Amino acid sequence: MPPERQQMFLHTLLDSLASGVVACDADGYVVVFNQPMRQSRPHIPGLHIRDIAAAFHLYAADGRTPLKPQQVPLARALAGEHINAEQVTVHPPGRRPHRFAVTGRPIDAPDGQRLGAMVVLDDITETHRAGVLADAQHAVAHVLADATSAEQAAVAVVAAVTEALGWSCGEYWQVTPDQAAIARIGSWTAPGRDLSAFLASRPDIMHPGQGVAGTTWAGGHELWISDLADDPRAIISKQQALQAGLRAAIGLPVRSGRQVLGVLTFFTDTVQPAEDDLTRLLDGICAHVSRYMERRRAEELAAALATSRRHFEQVITQINDNVWTAEVAPDGSMHSVYQSQNAAPLLGRPLPEDADLAEVLARRVHPDDRTAYAAFTAALGRGERADIECRIRGLDDVIRWIWIRATPRRDDGRLFIDGISTDVTERHRLAEQREQLLVQQQQQVRRLREMDRMKDELMALVTHELRNPIGAIRGYAEMLADDADLTSGQQTFVDVIDRKSAQLQRLVDDLLDLARLDTGQLSIDLRPVDLARLTRQALEDHRPAAQVKQLTLTAGLPARLPIHADPLRLRQVLDNLLSNAIKYTPDQGAVTVTATAAAVGNASQDSGQDEDQCAMAVLAVADTGIGIPPEQYEHLFSRFFRASTAKDAGIKGTGLGLAIVRSIVTAHGGTITAAPREGGGTVFTVALPVER
């Protein structure tokens with residue numbers, strides 16, 4: 001056969017083999033790369049054995065340790081080593097790893113000259129995978145058999161599965177007792193993998209539809225994201241996952257019937273398509289975990305029940321109530337089958353040993369309560385829950401109020417009544433006293449309201465009657481002031497009369513305003529008003545008073561601030577706040593007035609936008625004055641109240657101005673507040689709706 005035909009025959013023979021064959025010459029260059037090898041990975045012309053490990057991403061049998069160039073089986077065979085079925089892993093980035101059994105031999109001429117080397121590779125990925133799946137299942141069964149708590153079992157299961165399958169991370173999430181969220185109770189990360197940043201970026205508690213665990217829980221079925229890079233859903237933060245080197249995510253529900261108890265989640269470094277055998281394995285593991293969790297739950301419930309019984313017995317011996325059980329006979333009569341040792345407080349002394357509590361109570365019910373007691377026992381005989389408060393004549397002949405609560409139950413065709421009896425005599429006595437006190441308080445409230453009404457009427461009458469004589473006094477004072485023949489002393493007296501009568505006039509006007517506001521007789525004439533312009537006018541009118549005390553009077557106002565308000569009443573508010581600020585600020589202090597427009601409303605929890613917004617004009621008057629003690633702010637707008645700092649400073653006032661201001665602002669649908677100013681002093685803030 002010609003050499004060319006022999007060469008073709010040899011290549012055809014090698015390509016027809018099921019196993020991969022790779023051979024190199026004496027210089028280490030790959031010269032044979034048969035068809036099975038070319039189907040799984042491209043042939044690289046001129047490839048040297050020192051580059052094989054990097055070119056084909058070769059790892060040791062553990063799948064994690066990269067092979068060095070001298071550790072590559074073909075290189076070892078060229079060095080004269082005989083290799084028999086040694087396992088290596090090919091793991092290109094982003095692809096599933098494949099496992100091969102490698103057999104290698106050097107190729108020597110008859111004279112001993114080294115011609116090259118060859119290796120035969122058999123793909124044992126599926127065989128190895130089947131063994132891994134079986135090992136994973138056995139590992140899970142083993143750790144569940146040894147686990148002593150749900151938390152320990154969760155960590156052991158995810159560790160066994162993650163390690164056996166060569167994945168990066170596993171977690172177990174358990175539904176919270178209130179069924180409102182799902183909490184991470186265990187996790188495991190492969191050694192050498194640093195996923196701390198990714199794990200820390202997610203909360204330990206998630207709600208339905210949140211993350212892989214919450215989405216799996218909400219859907220009730222497995223969630224398999226084969227490739228995070230290509231998945232369009234925003235279930236987890238892809239950027240953080242991909243930065244951590246993760247490519248796939250899996251969520252598996254752990255069910256008890258139709259109820260989801262928890263979720264197993266896993267993350268891998270490679271694209272992980274859903275495979276039938278792997279899915280069946282994971283479903284079986286979830287079933288194992290579910291049975292374990294149900295068993296643990298049953299054990300915990302049994303232990304809790306035993307503990308509860310012990311606590312119940314301890315509590316029964318400590319409480320004063322009488323706990324009892326009676327059986328209802330076919331004829332409707334009741335006979336005690338159990339009673340605690342606390343019947344003595346109900347009857348005045350211990351019950352005789354041969355006495356039946358049910359019969360004793362039935363005989364000693366107060367005559368006025370026998371009809372109600374008969375209805376109570378009849379309801380119990382029909383199997384209905386019932387309760388009653390009735391009077392019982394005790395064994396010591398003392399009448400006591402007893403509260404009896406009872407619940408029927410059937411057991412093997414027999415009707416039992418479980419009940420509690422409590423002495424509520426003291427409560428009835430207190431209730432009677434409370435009713436008497438309530439009647440007395442209602443009478444006092446009526447008297448106080450009547451006195452308050454009479455006071456208001458008297459104040460309104462007195463202030464109204466004072467207006468005329470005060471007006472006359474002021475009129476005559478003005479006439480006297482115009483008399484050129486008055487001496488300087490007489491002129492001083494006239495000025496005093498005019499000043500004091502003006503002060504009295506203001507007091508009477510304030511009292512009348514309060515009376516009208518309280519009775520709703522003071523009307524508010526709403527019209528378009530420029531708050532900024534009105535505030536500037538008020539500032540100019542009060543500037544002389546501020547200059548006398550060398551106060552700095554500044555304003556931060558917009559060009560216009562239109563609102564709907566009563567200009568006269570609004571000016572009254574401004575005058576009151578400005579005069580107070582000037583009066584209570586020491587010399588060389590400062591008073592600042594600002595006004596802005598703001599939107600006030602309820603924020604929408606879903607959209608983050610404001611809904612039902614109300615446009616408000618906010619006016620603030622701040623001073624560097626003597627301030628107000630913190631505990632007195634809540635009384636600041638009460639009529640006739642004056643802060644202790646004002647009294648101590650000897651500054652006179654009636655205590656009515658701020659009460660009137662609040663009434664006017666409230667009548668406009670607004671609010672006024674007071675607060676300490678940073679650095680000393682007080683800030684008054686008025687918020688008025690732009691439109692009403």
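**Helix packing and local backbone geometry**

On one side of helix α5, residues T127, D135, H138, H142 and A145 are exposed (over 50% relative accessible area; buried means under 20%, partly exposed in between; 1.4 Å probe, protein chains only). The structure is a predicted model, in which local features need pLDDT of at least 70 and side-chain atom pairs count only at pLDDT 80 or more, while totals for chains, interfaces and linings use all residues. Residues are numbered from 1 along each chain as its sequence is written, and side-chain values use heavy atoms, with hydrogens and water left out.

The secondary structure of the chain consists of 19 helices and 24 strands (DSSP runs numbered from the N terminus: H or I of at least four residues, and E of at least two). Of the 692 residues in the chain, 40% are buried. Among contacts with a separation of 6 or more, 56% are between residues 24 or more positions apart (contact: heavy atoms within 4.5 Å).

Helix α5 comprises the 22 residues 125-146 and spans 31 Å from its first C-alpha to its last, close to the expected 32 Å (1.5 Å times one less than the number of residues). The buried residues of α5 are T125, R129, V132, L133, A136, V140, V143 and L144. Viewed down the axis of α5, these buried residues fall within an arc of 105 degrees and so line one face of the helix (arc taken from the directions from the helix axis to the C-beta atoms).

Helix α6 (residues 150-165) has 16 residues and reaches 23 Å between its first and last C-alpha atoms, close to the expected 22 Å. In α6, the buried residues are A150, A153, A154, A156, V157, V158, A159, A160, V161, T162 and L165. Just after α6, G166 adopts a positive phi of about 70 degrees.

The axes of α5 and α6 come within 9 Å and cross at roughly 165 degrees (lines fitted to C-alpha atoms over the stretch in contact, with angles from 0 to 180 degrees between N-to-C directions). The two helices, α5 and α6, are therefore roughly antiparallel (over 145 degrees). The crossing of α5 and α6 is right-handed (near helix turned clockwise from the far one by less than a right angle; left-handed if anticlockwise). On the α5 side, the contact involves V132, L133, A136, A139, V140, V143, L144 and D146, and on the α6 side Q152, A153, A156, V157, A160, V161, A164 and L165.

A further helix pair is formed by α17 (residues 567-583) and α19 (residues 657-667), which pack at about 145 degrees with their axes 10 Å apart. The crossing of α17 and α19 is left-handed. In this pair, R569, Q572, V573, N576, L577 and N580 of α17 meet G657, L658, I660, V661, I664 and V665 of α19.

Most residues other than glycine have a negative phi. A85, in strand β4 (residues 83-90), has a positive phi near 50 degrees and is exposed, at a relative accessible area of 52%. Q179, in the loop between β7 (169-175) and β8 (182-189), likewise has a positive phi, of about 60 degrees, although it is not a glycine; Q179 is partly exposed, at 42%.

P689 is located in strand β24 (residues 682-689) and, at 7% relative accessibility, counts as buried. The C-alpha atom of P689 is separated by 6.2 Å from that of A617, 72 residues apart along the chain.

Note on methods: Parallel < 35°, antiparallel > 145°, perpendicular 65-115°, else oblique.
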